[in-house]
Amino acid sequence: VEAAHVNNRGSIGHPELCPRPCVFFTKGLCQAGSSCDFCHLPHPKRAAHLDKRHRDLLKALPYEKRVGIVLPILRQKAL
């Protein structure tokens, strides 16, 4: 993003080099405005991640069961 299109310092380098999106800006509640350190430009939705409880449950499964759960997901993503 060119500097002329950046409305705050957190959006510089969007999308590759900017920090994560400003959660307040998307709700119309960012009070920092142009001095906000988070990006005010649209970002693609982040991929879902397992929380700690789910990661621990997955780690506790035997290897064969883990592969049975993960392999179909990886195959689908490879398409």
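Figure 1. His 40 is found in the loop that runs between helix 1 and helix 2, where helices (H or I, at least four residues) and strands (E, at least two) are DSSP runs numbered from the N terminus. The model is a predicted one, in which local features need pLDDT of at least 70, side-chain atom pairs count only at pLDDT 80 or more, and totals for chains, interfaces and linings use all residues. Residues are numbered from 1 along each chain as its sequence is written, and side-chain values use heavy atoms, with hydrogens and water left out. With a relative accessibility of 8%, His 40 counts as buried; buried means under 20% relative accessible area, exposed over 50%, and partly exposed in between (1.4 Å probe, protein chains only). Residues up to four places away in sequence not being counted, His 40 touches Asn 7, Asn 8, Ser 11, Cys 22, Phe 25, Cys 30 and Gly 33, a contact being heavy atoms within 4.5 Å.

**Figure 2. Gly 33 in the loop between helix 1 and helix 2****.** Gly 33 has a relative accessibility of 30% and counts as partly exposed. When neighbours within four places in sequence are left aside, Gly 33 is in contact with Asn 8 and His 40. Ser 11 is 22 residues from Gly 33 along the chain, and the C-alpha atoms of the two are separated by 11 Å.

**Figure 3. Salt bridge between Asp 37 and Arg 9****.** The closest N and O atoms of this pair are 2.6 Å apart; a salt bridge is a side-chain nitrogen of Lys or Arg within 4 Å of a carboxyl oxygen of Asp or Glu. Asp 37 lies in the loop between helix 1 (23-26) and helix 2 (52-60), and Arg 9 in the segment before helix 1, so the pair ties together parts that are 28 residues apart in sequence. Asp 37 is partly exposed at 45% relative accessibility, and Arg 9 is partly exposed with a relative accessible area of 49%.

**Figure 4. Salt bridge between Lys 52 and Asp 56****.** Here the closest N and O atoms are 3.2 Å apart. Both residues belong to helix 2, where Lys 52 and Asp 56 are four residues apart, about one turn of the helix. Lys 52 counts as exposed at 54% relative accessibility, whereas Asp 56, at 36%, counts as partly exposed. A search of the whole structure finds two salt bridges.

**Figure 5. Nonpolar surface patch that includes Leu 74****.** The patch is formed by Tyr 63, Val 67, Ile 69, Val 70, Leu 71, Ile 73 and Leu 74, which together have about 590 Å² of accessible area. Patches are made of residues with over 30% relative accessible area and no salt bridge; like charges are joined within 9 Å, and nonpolar side chains (Val, Leu, Ile, Met, Phe, Trp, Tyr) within 5 Å. Accessible areas come from the Shrake-Rupley method with a 1.4 Å probe, and for residues only the protein chains shown count as cover. Leu 74 is found in helix 3, which comprises residues 63-78.

**Figure 6. Context of the close-up views in the whole chain.** The chain contains three helices and zero strands. Its radius of gyration is 19 Å, well over the 12 Å that the globule rule gives for 79 residues, so the chain is more spread out than a compact globule. This radius is taken over C-alpha atoms, and the globule rule is 2.2 Å times the number of residues to the power 0.38. Along the principal axes, the C-alpha atoms fill a box of roughly 55 × 30 × 20 Å. Of the 79 residues, 13% count as buried.
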